[in-house]
Amino acid sequence: MAAADGPGHHPVMTNGPPRHLALIPDGNRRWARARRMTVEEGHEAGIANIGRIANAAFAAGTEIVSFWWGSPANLVERPPSEVQGIVGSLERFLQRGADGLLERHGARFEAVGRWREITPSLGPSVAHAASVSGAGPHRLVLLMAYDGRDELRAAADMLRGGGSDEGEFERALWTGHLPPVDLLIRTGGEPHLSAAFLLWRLANAQLSFPDALWPAFDADMLAAAYARYAATERRFGR
């Protein structure tokens, strides 16, 4: 059941793949520690898996893959060495690993969040990924230094007390140009959201919380999540 674009529209029933897949890739550190690897190696394995899962999702018919790679708190409160690993693994992915993915699917790339403020060193890598972007309709969306509460506050500030119209409010959101999320997958076996992740866009999303730690989440597990998504009947209050 993919959700229709724009305010005032009801989601449309479909047996196809989700149009917009959102990922919270949790479990990199636990995966690494279980293998007596460093936390940095866990983040490296995690970002590599973003490319594999995004490729599988695009091949299955998904149009947009949005993935979270850290909240402001993750990037400010964790030890500096770990933050360097989080940022460094992402830089390497954007400079090298993302090229083939974006070119293979003609996908556009964009980065959303406070990364310019909190991780400004990402600038060249984000610019490189944008430079090899395709024309779409596939899109790979990075949410970095992203907290959904920041996004909602920024929209409210922009409207200065206005925004009673849903369309006006959506246009003020950082993610207002994206369609609603159809399926959210958070790995790691902990059934909760974090930092108000894409809160406005998740209004009618199906939620999946597989036990697998993110580096171990594979294309077969994605296919199983897609099968559950397609088999679930939604009525949306009707």
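Modeller: Before the helices, a definition: axes are lines fitted to C-alpha atoms, for helices over the stretch in contact, and angles run from 0 to 180 degrees between N-to-C directions. Bear in mind that this is a predicted model.

Colleague: Is the crossing of α2 and α9 left-handed or right-handed?

Modeller: A crossing is right-handed if the near helix is turned clockwise from the far one by less than a right angle. For α2 and α9 the crossing is right-handed.

Colleague: How many residues of the contact of α2 with α9 are nonpolar?

Modeller: On the α2 side the contact is made by Ile53, Ala56 and Ala57, and on the α9 side by Ala219, Leu222 and Tyr226. None of these residues is polar and none is charged. The nonpolar count is six.

Colleague: Is α4 parallel or antiparallel to α6?

Modeller: Helix α4 (residues 80-105) packs on helix α6 (residues 123-131) with the axes 8 Å apart and at an angle of about 5 degrees. Angles under 35 degrees count as roughly parallel. That makes the two helices roughly parallel.

Colleague: How many charged residues are in the contact of α4 with α6?

Modeller: Glu91, Leu94, Gln95, Asp99 and Leu102 of α4 meet Pro124, Ser125, Val126, His128 and Ala129 of α6. These divide into five nonpolar and three polar residues, and the charged ones number two.

Colleague: Turning to the rings, what type of aromatic pair do Tyr146 and Trp174 form?

Modeller: There are five aromatic pairs in the count. In this one the centres are 6.2 Å apart, with 65 degrees between the planes. Planes over 60 degrees apart count as edge-to-face, so the Tyr146 and Trp174 pair is edge-to-face.

Colleague: How many residues apart in sequence are Tyr146 and Trp174?

Modeller: Tyr146 lies in the loop between β4 (139-143) and α7 (148-159). Trp174 lies in the loop between α8 (166-172) and β5 (183-186), so the pair ties together parts whose separation in sequence is 28 residues.

Conventions. Residues numbered from 1 in each chain as written. Predicted model: local features only at pLDDT ≥ 70, side-chain atom pairs only at ≥ 80, totals over all residues. Heavy atoms only, no water. Phe/Tyr/Trp six-rings, centres within 6.5 Å; stacked < 30°, edge-to-face > 60°. Helix = DSSP H or I, 4+ residues; strand = E, 2+ residues; numbered from the N terminus. Contact = heavy atoms within 4.5 Å. Nonpolar A, V, L, I, M, F, W, Y, C, P; charged D, E, K, R; others polar. Parallel < 35°, antiparallel > 145°, perpendicular 65-115°, else oblique.
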